[in-house]
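The report below concerns a two-chain model and is written to be read beside the coordinates. Please keep the sequence and the structure at hand while reading.

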Amino acid sequence: MVLDELKEWLYGCTHCGTCKSVLEIFSPVCPAGEKYRLESYYPSGKMLIARGIVNGVLNLDNDDIMERIYACTGCLSCEQQCGVYHRQHIFEIIQALRTEAVTRGNLNPAYMIMVDSLKKDDNVFGKPKAERGDWAKDMGIKDAAQEKVDVAYHAGCMVSFDPELWEVPRSAVSLLKAAGVDVGIMGMEESCCGGRAYEIGYLGEFTKYAEHFLETFNSLDVKQVVTSCSDGYSTFKKLYAGVNIPAKFDMLHMVEYLDSLIKDKKLRFTKKVPMKVTYHDPCHLGRHLGDDGVYEPPRDVLKNIPGIELVEMERNRLNAWCCGAGAGVSQANPDLSLWTANERLKEAKATGATALVTSCPWCERNFKDAVKEYGEEIEIYDITEIARKAL
Amino acid sequence: MIEAVKNKIVDELEKVVGSEFVSTNQADLYIYSYDLTPAESHWPDIVVLPQSPEELRAIITLANKEKMPVIPYVAGGNVGGLTIPLEGGIVLDLKRMNRIIEVNETDMYAVVEPGVTFGQIKAYLEKNHPTLRYTYAFSPSSTGVMTNALVQGLDNLSFRYGDASHWVSGLEVILTTGELIKIGSCAASKTWQAIVPFPELDGLFLGWQGTTGVITKMAVSIWPNPPHNTAVTFMAMDLESADEILKAIIRTRIPDDLIGTSFALNKVGMAAYAHEKASLHPALHREPDEPEFVITAEVTGNTENELNAKVEAMGEAVKERCKDGNYTGPDTIPSTTAAFPMQALGVLSSGGGLMWVGTYGPMSRWLETVKKGCELQDKYDISRTCYTRIMNEGHFVGLRWMLPYDKGDPALVQRINDLCAEQLDLVLETGYIPYKTPVWAVRRLEEVVGPDWLKLHRRVKEMLDPNNIMNPGRWGKPGK
């Protein structure tokens, strides 16, 4: 979306500040606002910046203004709290400011590696495309590009190129196999979903990947595409609707699929996993999906694992505090990203849990990095890693 | 301001609070340059976010030395343009000073820093002191507890206790000289229970819109939180009936809160609550079977029997006084406190703007003032949006016409400004005094208060702020 198309929403904000805290419990919601405290970092401040840019009072050719525009994790918690008519367009306006910056040539140098890598290797981490399927090397998984499968597992950029997270896709595929699912992967032929490109303002790149994703899986005639990446999942569910190619397959997040396999009695857990855990709702699996937010399936999965005690953080489900990795913040502003993650880890620790479980590799990566940076004593897992322990 | 001087001050400020909490960035300055009202925009030179009274004292001392304006700011949500830096200078954003320092259960007060919000104190009391409550304004939950009291706000216990400055029981203030003063019992003891029996020095700061000093701590009364509550409504088909109903309820001394609104305001608000844009212009006209005015009394009880008896007694009082009145009711509905924190949504959803001529005045002239004010709205083809709150058991009345508007519509902004100018003339004629007074209304008030009042007022300002650095251009001294 570009700024000109959003003019009707620009004057919605009265700067009332309701977006700053969770309704009813009044705990903070905005990572950038809470870290930096200047009004320009809060969503209402960014709405005023957008107004200033459109009215010619402010200029995108200003590093500090650009820094504020990119200091937003796209968690949508502000949209959850705001009651005014423009509320579902807040991040859209921030994203449009980023697109405007890219269009005007005011590029954010922090994203150059990511953008170049997308163009060259179809991923956001500057890694060779040939290494994309390395996580599955010894697993004997079907190549969905070569042979017919019912379910294609889409790993996504994060877990494909981060060996410390390989246990996530490996666990996911193991669970699918244990449930008798006919599953395959695309390996090195897999591409980025384009979600990050969209969030940092590169609409052209996003459209390219969206079309590629849809055309590829349509041509493979798979019934379902399953992913462990919440970013990728919400990109597909929410953003691909704007691309004029109907999908011939169902898209599921791994946690939804896992939940259905358990409820259909196709997957049974036999081993005890004695842990007290708390669950972190990824923004892209929750608020980004609106009324279709996936909140109960992960909790149902955890409750089905013998020995697991699940405790909730104060801010959960629709009101969950962000992990800090979203919308390009982990690449451009690691200080904000890790600080945000650590705030969540403190909240998780306060529940008495010894582990934080989530269902997005971007969250998991960021939490692991925050543990290294800040030293909070808590273990971090993807839900599939916990489930696999119970097989 | 000369760039070299500004840079020197910025350097000094960074030493005090750290560079991350000082900004001269255009985005920040722009955001603090205007608010939801149509008040003229003025840019600050610097924004600073201190965290402690010590930091605050250092900033004010520096500003005083450099004769640089200082504008205290918490949420900027007042409907008076009160934090717009008329003469530039330093915006002192106090949101980092947000500790609830003490809640005294027995003496029923809370000591708070400037950044504490209504939402914060509500959550804190519910969690830690559930038998006590604070009062809540018709405003967003991000509104500052202290600023609401400083600008004499009207809240949902105002029928019992008056405006918010009436329940201040202690202050700690930094003067422009850097002196730190405690006012009230806290000056001589460890408790903050009351301003009296000292000379009431709080009057040097309350209602002054931050033009005489910066409050660093404030004690506010908190009250028992009765377990039973309900709201009672009456629908008046004309303003005469509304006037009689209000007077009947006032004499019962029963409710905690007594408010009235134009029915049209409620209708406009319906769109907002459906997350749609609300609009006052062109005016929504009343259907023949629709009421003119809705009166709501908030009632609480320690037991259900007490609650029911109060509701019944209030209904009887209205029935007795309003025999010839044209109204329906009483009807009971869930307590309006359940609407917090979204109670103000209806007037925050028209396009970024909200304006009103808000006043305090006598109940004796309520009917005539409301009628004329609503007729002015008819003249401007603006929906009737009167909002009234009975204060201090009817000893005075809060009265305003809510004017949410689209900031992106210059013609509508002009219409609203013209209406407000006429409404201000009206209220000054009928003895209603503007509160949270925007600077243009301050100047009008100064024309009518009498020269000796003005001289005294200016002498007080001169004594406390000789260099005129505290939110200059407002109360106490006109702008340059």
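## Sheets, domains and contacts

Met235(B) stands opposite Thr328(B) in S15(B), and this pairing belongs to the 5 bridges over which strand S12 (residues 228-236) of chain B and S15(B) run antiparallel. Two strands are taken as paired if DSSP finds at least two bridges between them, while helices (H or I, at least four residues) and strands (E, at least two) are DSSP runs numbered from the N terminus. The model is predicted, with local features requiring pLDDT of at least 70 and side-chain atom pairs counting only at pLDDT 80 or more, whereas totals for chains, interfaces and linings use all residues. Residues are numbered from 1 along each chain as its sequence is written, and chains are lettered from A and ligands numbered from 1 in the order in which they are written.

The pair S12(B) and S15(B) is part of an open sheet of 8 strands in chain B, ordered S15-S12-S14-S13-S18-S19-S17-S21 with antiparallel pairing. Its edges are strand S15 (327-333) and strand S21 (433-434) of chain B, each of which pairs on one side only. Helix H7 (residues 239-252) of chain B lies across S12, S13, S14, S15 and S18 of chain B, running at about 15 degrees to S14(B); here axes are lines fitted to C-alpha atoms, for helices over the stretch in contact, and angles run from 0 to 180 degrees between N-to-C directions.

In chain A the pairing described here is parallel: strand S2 (residues 151-154) and strand S4 (residues 224-227) of chain A share 4 bridges in that sense, and S4(A) pairs in parallel with strand S5 (residues 250-253) of chain A, also over 4 bridges. Val225(A) in S4(A) stands opposite Ala152(A), and its bridge partner in S5(A) is Met251(A). From S4(A) the chain crosses through helix H12 (residues 230-239) of chain A to S5(A) in a right-handed β-α-β crossover, meaning that, with the strands pointing away from the viewer, the path from the first strand over the helix to the second runs clockwise.

Domain bounds come from an automatic or database domain assignment, which gives chain A domain 1 (3-107), domain 2 (110-262) and domain 3 (267-389), and chain B domain 1 (3-93), domain 2 (100-224) and domain 3 (228-434).

Between the chains, 40 residues of chain B are in contact with 33 residues of chain A. On the side of chain B, helix H2 (26-31), helix H4 (118-128) and strand S16 (352-355) each supply at least two residues, and H2(B) gives the largest share, 5 residues.

Finally, helix H1 (residues 3-17) of chain B has 15 residues and, at 1.5 Å a residue, should span 21 Å, which agrees with the 21 Å between its end C-alpha atoms; the expected span is 1.5 Å times one less than the number of residues. H1(B) is followed by Gly18(B), whose phi is positive, near 95 degrees.

Conventions: Two residues are in contact if their C-beta atoms, placed from the backbone, lie within 7 Å.
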